[in-house]
Amino acid sequence: MTVRRVLETLALAAGTTARARELREIDAALRHPVATSRRIAVVQSGGGAGATTLVARTARALARRRGGGVLAVDAAAGDAALARALGGAVDARGLEELVAAATGVTRSRQARALLPDAGAGLVLAGRGGTRVPDDEVVQALGNLVGRFFDVVVTDWGHRTADEATRIARRSHAVAVVARADRADAERGLVLAARLATEVPTTLVLADVGATAGPTSSLLREAARALEVPVLAHGHEGALRDPAARLPRRARTAYARTAGLLLASSQTPVRVSA
């Protein structure tokens, strides 16, 4: 074997070992035990950034590795986008109806029986719609039903800064999703910095259409100064074909994000009743 082939073989082996170690670390983060149900909120600083995709993919990654189940909540405007992204059944009931039906629930099996099953330990609440659900209703659903699940991941859609602040105060962790193009990313960073004063907050930049250029690296410099973690994602077409299997790199990125959000949700914070 030539020296070049030896070096190539060693490089491949090192890369394989590094990937195996990374996957073990991600798996451990996704499986990490929680003392009480964790509420992870996902909000958009602007439209079309892929918050629903992030909710669907991170909730699925968590559910596949957790025995306590994961609840995904659709609290965004739109026509059952989260249900389609998860490939699950669309519930004809709105969140208000679910809250009424959940009154008096005292057992996990009762809570699960109320909600459509999206498979692999994941259940779904909410159908979306033209009207954005009131955050008080979503909070009530969390109190009645969410407590029976290890993790509750909520798609809040596009919210104003004041709305997002109220949501953050009732969550254990927040992901602010923004397009990675410079103007959108800067708005996302401003919102993330504001929410970070209330609860652990991560900025997720989605490079929609691969048009962001060097924005991600520029934003990371600013985010370091504001102490806001920044993650970057390509924008995968999960909503167009929820059954499609993502490329390995994309699957790993969403699993890593899910683990980081779960870890940040375990930083001691006060969640309003």
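Mentor: This is a predicted model, where local features need pLDDT of at least 70 and side-chain atom pairs count only at pLDDT 80 or more, while totals for chains, interfaces and linings use all residues. Residues are numbered from 1 along each chain as its sequence is written, and side-chain values use heavy atoms, without hydrogens and water.

Trainee: By class, what does the lining of the largest cavity have?
Mentor: A cavity is a set of points, on a 1 Å grid over the protein atoms alone, where a 1.4 Å probe fits but cannot get out, and lining residues have an atom within 4 Å of a point. Ala, Val, Leu, Ile, Met, Phe, Trp, Tyr, Cys and Pro count as nonpolar, Asp, Glu, Lys and Arg as charged, and the others, including Gly, as polar. The lining then splits into 5 charged, 5 polar and 9 nonpolar residues.

Trainee: Which element gives the largest share of that lining?
Mentor: Helices (H or I, at least four residues) and strands (E, at least two) are DSSP runs numbered from the N terminus. The largest cavity holds about 190 Å³, and among the residues closest to its centre are Val138 and Gln139. With 5 residues, the largest share comes from helix 6.

Trainee: What volume does the second largest pocket have?
Mentor: A pocket is an open set of points with protein on both sides within 12 Å along at least five of seven lines. Points are joined across faces, edges and corners, and a volume is the space filled by probe spheres set on them. Here 17 residues form the lining, with Gln44 and Thr52 among those nearest the centre. The volume is about 240 Å³.
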